[in-house]
Amino acid sequence: MWIKQALLVVLVAVAAGGDQYHPEELQRSATQRVSEAFNTNERSPQFWIDNFEADLEKRLRNIQNNKVARNVIMFLGDGMSIPTQMAARTLKGQRENRTGEETELHFETFPTAGLSKTYCLDRQVPDSACTATAYLTGIKNNRGTLGVNGYVPRFDCLASTNQSTHLDSIAAWALADGRDAGIVTTTRVTHASPAGVYAKSANRGWESDADVNAAGFSTDICPDIAMQLITSSPGNQLKVILGGGRSQFLPNTTTDEEGDLGFRQDGRNLIEEWQNEKNRNGATNQYVWNRSQLMSLRNSPPEYLLGLFEADHLQYNLQADKVTEPTLAELTEVAINSLSRNEKGYFLFVEGGRIDHGHHATWAQLALDETIEFDLAVKKATELVGDDTLIVVTADHAHVMAVNGYTQRGRDILGPSDDLGGDGIPYMTLSYTNGPGARAQVDGARVDVTKENITDVEWRSHAEVYRSSETHGGDDVVVTAWGPHHHLFTGVYEQSHIPLRMAYAACIGPGIHADACSSAALLHPLSLLYSLVLAVMYHTVQH
Ligand SMILES: *[C@@H]1O[C@H](CO)[C@@H](O)[C@H](O)[C@H]1NC(C)=O
Ligand SMILES: *[C@@H]1O[C@H](CO)[C@@H](O)[C@H](O)[C@H]1NC(C)=O
Ligand SMILES: *[C@@H]1O[C@H](CO)[C@@H](O)[C@H](O)[C@H]1NC(C)=O
Ligand SMILES: *[C@@H]1O[C@H](CO)[C@@H](O)[C@H](O)[C@H]1NC(C)=O
Ligand SMILES: *[C@@H]1O[C@H](CO)[C@@H](O)[C@H](O)[C@H]1NC(C)=O
Ligand SMILES: [Zn+2]
């Protein structure tokens, strides 16, 4: 072993080629060298010309679509940074036995992409609550606050009782127009991102009354997020609510179907209250807690559907009990089947919420797998909806995972880099600038993590600065769009513009609307004929 190390030191020392920023790759040991994995056709310049032309053809067919968006589906990959997208697409390709880097996630094939700036009012690097407020209400606010404007400081219950600070989300705009709305998530349905659809709270952490009480406030003044979902608008108008978080809805004396205790101190069973209210209104409804119940009503869901599949967040896909737990694609399918019964259309929010959690733990493999699952849900949606549906896919914020150099083409994205540190010790292609994966040095040297069990899904990649939870990142995130007015989502813009652009395309909400909204009559075949005739007459007169 020491002979190898000594050899490496010599090799490092003679790495004299290149420039100081890009030394030639003499550091790689012979045992690490692999044969070229890529498709050898790629050596031919013609390969790249053909590759471009196939893409251009698609692009030209897709330039604009100025129709009204009857339906809007927003897909939110929580913490899905640009490096996460690159690494997930590579993993997807490698699982299909390809080199990987050239693979596309389904949503990356959408005709339009842009970048959103994610900072919130008081923070350079945001959290999921202020970002949810931005991308659902169009207004930026303070970190940790939900559905209230920037006059409400975090934890200030009293300030949030001022009604004029309350913000409506795009779900409320859709409901006000007679459309339906719903939420789907892999987290607790009371967690920050889905709560952005319906809650107004000075603190994202006030998910049940136990949290509000612990902060020294009364739920009479600042109702908890679960209570808001079940008892006030727009939460109580949602046709589908699918995710986790049963404990927030049950008394602390009640055990749920899987044996977990509720958290509530007010003795209220909000699941039963939800059912009773729908019954009082004569609306068909069902509460489900496992996958087989969900799948049995897949094609004919009741008017109102509440599905809570875990006491807490849903399990990571790679660790989930597939018997009790549906996939995000399955949840999305049922939600679309439910909402598409409304002739006027709908707004659906779908969150892949555990990408973020994988990253916080520096469990890169889980974060990437959750991203692939999220992409499968997007793919399912594009198969189910027509060309009157706008689909927008984005992230709320980035993370601090980096894709390190200089790994050879086609090498395991979850494996070590082909290069070594200046200390002669390997490092991983994917690592973090901070997080629980930081390791203390041993005998004054960095630990060689490649000797650990790096294939374990709960193996933590290494990090520079120790923190019990890795942080979000402040970089921009990608927005991709498909369907009516997709072209609006190009450019580099404030995250808060996203719901206003969606509302513009869908003719809902308080802002500016597309031309097609006022001339919706144009959609009628006869008036279309009429305007064609006018256009021909005008054209003839011009000559
Ligand atoms: C990839 O290759 C392995 C080993 O040859 C094989 O078992 C597996 O089925 C292949 N997977 C795909 C998706 O082709
Ligand atoms: C209520 O909030 C608005 C901002 O939304 C602020 O201008 C106003 O002063 C507040 N009123 C009170 C009584 O604090
Ligand atoms: C349950 O709620 C009651 C109030 O209803 C409270 O006194 C008690 O401490 C709670 N129990 C737990 C385990 O939190
Ligand atoms: C799903 O829930 C139903 C209703 O509670 C129950 O009868 C069934 O056994 C459950 N299925 C599983 C796999 O736990
Ligand atoms: C490494 O992790 C994998 C996946 O969790 C597991 O199957 C294997 O037993 C582990 N190997 C060792 C040596 O711990
Ligand atoms: Zn997070």
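This is a short chat about the surroundings of two ligands in a predicted model.

Reader: Hi! Before we dig in, what should I know about the model and the numbering?

Author: Local features need pLDDT of at least 70 in this predicted model, side-chain atom pairs count only at pLDDT 80 or more, and totals for chains, interfaces and linings use all residues. Residues are numbered from 1 along each chain as its sequence is written, chains are lettered from A and ligands numbered from 1 in the order in which they are written, and side-chain values use heavy atoms, with hydrogens and water left out.

Reader: Great. Which residues surround ligand 2?

Author: Asn-149, Tyr-151, Asn-162, Ser-164 and Thr-165, counting a residue if one of its heavy atoms lies within 4 Å.

Reader: And by class, what does that shell have?

Author: The shell has 4 polar residues, 1 nonpolar and no charged ones.

Reader: Which side chains have a polar atom by an oxygen atom of ligand 2?

Author: Asn-162 has one 2.3 Å away, and Ser-164 has one 2.9 Å away. For Asn-149, a side-chain N or O atom is 3.1 Å from a ligand 2 oxygen. The protein buries 38% of the 360 Å² that ligand 2 exposes when taken alone, by the Shrake-Rupley method with a 1.4 Å probe.

Reader: Switching over, what's around ligand 5?

Author: Around ligand 5 are Asn-453, Thr-455 and Asp-456. An oxygen of ligand 5 is 2.4 Å from a side-chain N or O atom of Asn-453, and one is 3.1 Å from such an atom of Asp-456.

Reader: How much of ligand 5 does the protein bury?

Author: It's 28% of the 360 Å² that ligand 5 exposes when taken alone.

How values were computed. A polar contact is a pair of N or O atoms within 3.5 Å; within protein, one must be able to donate a hydrogen and the other to accept it, and residues adjacent in sequence count only if both atoms are side-chain atoms. Ala, Val, Leu, Ile, Met, Phe, Trp, Tyr, Cys and Pro count as nonpolar, Asp, Glu, Lys and Arg as charged, and the others, Gly among them, as polar.
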